[in-house]
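Trainee: I would like to learn how to read surface features and backbone angles from a model, taking one feature at a time. Could we begin with pockets?

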Amino acid sequence: TFSKTLSPTLRLGYLVMPTGLCRAFSEAKRLTDRHAPMLEQDVLADLLASGAYERHVRSIRRKKAERRHVLLQALTDHLGPRVTVAGADTGLHVVAWMNGCAAGREAAIIAAARAAGIGLYPVSPLYDPTGPRPETAGFIMGYAGLDAEALRRGVAVLARILAEHR
(Lines give C-alpha, C1' and ligand atoms only; values in the text may rest on other atoms or scores of the structure.)
Protein backbone atom coordinates (compact mmCIF):
# COMPACT_ATOMS: atom_id res chain seq x y z
CA THR A 1 0.00 0.00 0.00
CA PHE A 2 1.04 3.58 -0.48
CA SER A 3 -0.97 4.77 2.54
CA LYS A 4 1.98 5.53 4.81
CA THR A 5 4.36 6.90 2.20
CA LEU A 6 1.99 9.06 0.14
CA SER A 7 -1.53 9.32 1.54
CA PRO A 8 -4.17 7.02 3.03
CA THR A 9 -6.72 8.67 0.74
CA LEU A 10 -4.88 7.38 -2.33
CA ARG A 11 -6.25 3.87 -1.69
CA LEU A 12 -3.78 2.13 -3.97
CA GLY A 13 -1.67 -0.90 -3.22
CA TYR A 14 0.05 -3.74 -5.00
CA LEU A 15 0.91 -7.40 -4.70
CA VAL A 16 4.07 -9.20 -5.74
CA MET A 17 3.25 -12.81 -6.57
CA PRO A 18 4.27 -15.75 -8.71
CA THR A 19 3.14 -15.49 -12.33
CA GLY A 20 0.94 -18.55 -11.92
CA LEU A 21 -1.27 -16.72 -9.40
CA CYS A 22 -1.75 -13.51 -11.41
CA ARG A 23 -4.90 -14.63 -13.21
CA ALA A 24 -6.61 -15.80 -9.99
CA PHE A 25 -5.77 -12.59 -8.15
CA SER A 26 -6.80 -10.41 -11.09
CA GLU A 27 -10.16 -12.17 -11.17
CA ALA A 28 -10.60 -11.81 -7.41
CA LYS A 29 -9.83 -8.09 -7.71
CA ARG A 30 -12.30 -7.70 -10.55
CA LEU A 31 -15.04 -9.41 -8.52
CA THR A 32 -14.47 -7.46 -5.30
CA ASP A 33 -13.25 -4.01 -6.38
CA ARG A 34 -13.99 -2.65 -9.82
CA HIS A 35 -13.15 0.95 -9.10
CA ALA A 36 -9.40 1.47 -8.94
CA PRO A 37 -8.85 5.14 -9.82
CA MET A 38 -7.13 5.42 -13.20
CA LEU A 39 -5.80 8.98 -12.88
CA GLU A 40 -4.15 8.20 -9.54
CA GLN A 41 -2.66 4.99 -10.97
CA ASP A 42 -1.21 6.89 -13.93
CA VAL A 43 0.31 9.57 -11.70
CA LEU A 44 1.73 6.93 -9.37
CA ALA A 45 3.21 5.04 -12.33
CA ASP A 46 4.92 8.26 -13.44
CA LEU A 47 6.29 8.80 -9.91
CA LEU A 48 7.68 5.27 -9.84
CA ALA A 49 9.17 5.44 -13.35
CA SER A 50 10.82 8.82 -12.75
CA GLY A 51 12.47 7.80 -9.48
CA ALA A 52 10.61 10.56 -7.60
CA TYR A 53 8.85 8.01 -5.39
CA GLU A 54 12.16 6.46 -4.27
CA ARG A 55 13.57 9.90 -3.46
CA HIS A 56 10.40 10.69 -1.51
CA VAL A 57 10.64 7.45 0.50
CA ARG A 58 14.32 8.08 1.31
CA SER A 59 13.43 11.57 2.51
CA ILE A 60 10.59 10.26 4.69
CA ARG A 61 12.79 7.55 6.19
CA ARG A 62 15.44 10.11 7.08
CA LYS A 63 12.88 12.44 8.71
CA LYS A 64 11.23 9.62 10.66
CA ALA A 65 14.61 8.31 11.84
CA GLU A 66 15.52 11.80 13.07
CA ARG A 67 12.20 12.12 14.91
CA ARG A 68 12.57 8.65 16.44
CA HIS A 69 16.06 9.61 17.63
CA VAL A 70 14.73 12.84 19.19
CA LEU A 71 11.96 10.93 21.00
CA LEU A 72 14.33 8.28 22.32
CA GLN A 73 16.85 10.90 23.44
CA ALA A 74 14.13 12.93 25.17
CA LEU A 75 12.90 9.82 26.99
CA THR A 76 16.45 9.07 28.12
CA ASP A 77 17.11 12.68 29.14
CA HIS A 78 13.87 13.14 31.09
CA LEU A 79 13.13 9.66 32.42
CA GLY A 80 16.43 7.76 32.28
CA PRO A 81 16.14 4.37 33.96
CA ARG A 82 12.47 5.00 34.81
CA VAL A 83 11.56 4.07 31.21
CA THR A 84 12.16 0.99 29.08
CA VAL A 85 11.47 1.42 25.37
CA ALA A 86 10.36 -1.45 23.14
CA GLY A 87 9.86 -1.50 19.40
CA ALA A 88 12.22 1.34 18.55
CA ASP A 89 13.76 -0.42 15.56
CA THR A 90 10.74 -0.28 13.28
CA GLY A 91 7.42 1.40 12.68
CA LEU A 92 6.25 4.87 13.58
CA HIS A 93 5.54 4.22 17.27
CA VAL A 94 7.39 2.93 20.30
CA VAL A 95 6.11 1.42 23.51
CA ALA A 96 7.41 3.10 26.65
CA TRP A 97 7.16 1.04 29.82
CA MET A 98 7.23 3.22 32.93
CA ASN A 99 9.37 1.29 35.38
CA GLY A 100 8.05 1.48 38.91
CA CYS A 101 4.67 2.80 37.78
CA ALA A 102 1.76 0.39 38.23
CA ALA A 103 -0.49 -0.34 35.24
CA GLY A 104 -3.46 0.80 37.32
CA ARG A 105 -2.13 4.35 37.11
CA GLU A 106 -2.42 4.51 33.32
CA ALA A 107 -5.87 6.13 33.27
CA ALA A 108 -4.87 8.96 35.63
CA ILE A 109 -1.65 9.61 33.72
CA ILE A 110 -3.49 9.65 30.39
CA ALA A 111 -6.11 12.07 31.75
CA ALA A 112 -3.40 14.41 33.04
CA ALA A 113 -1.52 14.18 29.74
CA ARG A 114 -4.64 14.97 27.73
CA ALA A 115 -5.39 17.92 30.01
CA ALA A 116 -1.88 19.16 29.22
CA GLY A 117 -2.44 18.71 25.47
CA ILE A 118 -0.43 15.51 25.10
CA GLY A 119 -1.85 12.49 23.27
CA LEU A 120 -0.91 9.37 25.18
CA TYR A 121 -2.31 5.90 24.59
CA PRO A 122 -2.17 2.92 26.97
CA VAL A 123 -0.79 -0.48 26.10
CA SER A 124 -3.16 -2.39 28.39
CA PRO A 125 -6.21 -2.50 26.05
CA LEU A 126 -4.07 -4.39 23.53
CA TYR A 127 -3.82 -7.37 25.86
CA ASP A 128 -6.36 -10.20 26.12
CA PRO A 129 -8.69 -9.16 28.96
CA THR A 130 -8.95 -12.76 30.15
CA GLY A 131 -5.20 -13.39 30.14
CA PRO A 132 -2.27 -12.02 32.07
CA ARG A 133 -1.89 -8.25 31.86
CA PRO A 134 1.23 -6.15 32.29
CA GLU A 135 1.84 -4.92 35.82
CA THR A 136 3.76 -1.87 34.62
CA ALA A 137 2.16 1.15 32.96
CA GLY A 138 2.98 1.24 29.29
CA PHE A 139 2.21 3.83 26.64
CA ILE A 140 2.24 3.83 22.87
CA MET A 141 4.06 6.88 21.59
CA GLY A 142 3.86 7.97 17.99
CA TYR A 143 6.43 10.34 16.58
CA ALA A 144 5.86 10.50 12.83
CA GLY A 145 3.57 13.51 12.77
CA LEU A 146 5.42 15.65 15.31
CA ASP A 147 8.41 17.92 14.93
CA ALA A 148 11.45 17.66 17.17
CA GLU A 149 10.43 20.48 19.49
CA ALA A 150 6.93 19.03 20.02
CA LEU A 151 8.47 15.66 20.87
CA ARG A 152 10.87 17.18 23.40
CA ARG A 153 8.14 19.31 24.95
CA GLY A 154 5.74 16.34 25.14
CA VAL A 155 8.25 14.12 26.91
CA ALA A 156 9.11 16.92 29.35
CA VAL A 157 5.40 17.28 30.17
CA LEU A 158 5.06 13.52 30.56
CA ALA A 159 8.03 13.43 32.94
CA ARG A 160 6.43 16.15 35.06
CA ILE A 161 3.10 14.28 35.08
CA LEU A 162 4.80 11.02 36.09
CA ALA A 163 6.58 12.80 38.94
CA GLU A 164 3.24 14.14 40.16
CA HIS A 165 1.58 10.70 39.96
CA ARG A 166 4.07 8.69 41.96
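Mentor: Let us start with the general idea: a pocket is an open set of grid points with protein on both sides within 12 Å along at least five of seven lines, and its lining residues have an atom within 4 Å of a point. Please keep in mind that this is a predicted model.

Trainee: How many residues line the largest pocket here, and which lie nearest its centre?

Mentor: The lining of the largest pocket holds 18 residues, and those nearest the centre are Leu12, Gly13, Tyr14, Leu15 and Lys29. Two elements, α1 and α2 (38–50), each give two or more residues to this lining. The volume of the largest pocket comes to about 420 Å³, and its lining divides into 11 nonpolar, four polar and three charged residues.

Trainee: Which residues make the nonpolar surface patch?

Mentor: Leu15, Leu21 and Phe25 make a nonpolar surface patch of about 290 Å². Leucine 21 is found in the segment before α1 (22–32), and it counts as partly exposed because its relative accessibility is 39%, a value that falls between the cut-offs of 20% for buried and 50% for exposed.

Trainee: What should I look for in the backbone angles?

Mentor: Most residues other than glycine have a negative phi. Arginine 11, although not a glycine, has a positive phi of about 55°.

Trainee: Where is arginine 11 placed, and is arginine 11 buried or exposed?

Mentor: Arginine 11 sits in the segment before α1, and it counts as exposed because its relative accessibility is 70%.

Methods:
Residues numbered from 1 in each chain as written. Predicted model: local features only at pLDDT ≥ 70, side-chain atom pairs only at ≥ 80, totals over all residues. Heavy atoms only, no water. Patch = residues over 30% accessible without salt bridge, like charges linked within 9 Å, V, L, I, M, F, W, Y side chains within 5 Å. Areas by Shrake-Rupley, 256 points an atom, 1.4 Å probe, with all protein chains shown as cover. Salt bridge = Lys/Arg side-chain N within 4 Å of Asp/Glu carboxyl O. Helix = DSSP H or I, 4+ residues; strand = E, 2+ residues; numbered from the N terminus. Buried < 20%, exposed > 50% of the residue type's maximum accessible area, 1.4 Å probe, protein only. 1 Å grid on protein atoms, 1.4 Å probe; cavity = no way out; pocket = protein on both sides within 12 Å on 5 of 7 lines; lining within 4 Å. Points joined across faces, edges and corners; volume = space filled by probe spheres on them. Nonpolar A, V, L, I, M, F, W, Y, C, P; charged D, E, K, R; others polar.
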